[in-house]
Amino acid sequence: GDSSHKICTEITTRANQLQRHNHLLQYSTILYENVVKNPLEKAKELFRTVGIDWSESVEKRVLHSISGSSEGGGFDTVKDTSRLLGRWRREAGEEYIRAVEQGCTQLMSTVGYPLMFPDT
């Protein structure tokens, strides 16, 4: 609705500003689904992007963090990421998702996030 539109408009404005000044700033757009699909690969990519060395101990920590038995509730630091993918879609409901997509279409397009209901 209106609140999602306002928030998304502000974020879109900031994302567009970042894109215009990309030659001055280094940033990455990270989609949640991509992290959940392949968390180890995305973690390595982020480390490369920011210039931090990847180590065996970091890899062990990431693997431990994604292999937990948690359902992903609250602020858990260990999650079974395979259970998280698409969970929000099942829990949010079509009406809510359509409202967010309607208010955030421009932002989702700007950051390359696919719409579930492109006819919204």
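Q: Why is Cys104 called buried?
A: Its relative accessibility is 6%. Buried means under 20% relative accessible area, with exposed over 50% and partly exposed in between (1.4 Å probe, protein chains only); Cys104 therefore counts as buried. The model is predicted, so local features need pLDDT of at least 70 and side-chain atom pairs pLDDT 80 or more, while totals for chains, interfaces and linings use all residues. Residues are numbered from 1 along each chain as its sequence is written, and side-chain values use heavy atoms, without hydrogens and water.

Q: Why does Cys8 count as buried?
A: Cys8 has 9% relative accessibility, and therefore counts as buried.

Q: What makes Cys8 and Cys104 a disulfide?
A: Their sulfur atoms lie 1.8 Å apart, and a disulfide is a pair of cysteine sulfur atoms within 2.5 Å, so the pair qualifies. The link is right-handed, with 65° about the S-S bond. Cys8 belongs to helix α1 (residues 2-20) and Cys104 to helix α7, 96 residues apart; helices are DSSP runs of H or I, at least four residues, numbered from the N terminus.

Q: How do you know which class dominates the lining of the largest pocket?
A: The lining has 15 nonpolar, no polar and 2 charged residues. Ala, Val, Leu, Ile, Met, Phe, Trp, Tyr, Cys and Pro count as nonpolar, Asp, Glu, Lys and Arg as charged, and the others, Gly among them, as polar.

Note on methods: Helices (H or I, at least four residues) and strands (E, at least two) are DSSP runs, numbered from the N terminus.
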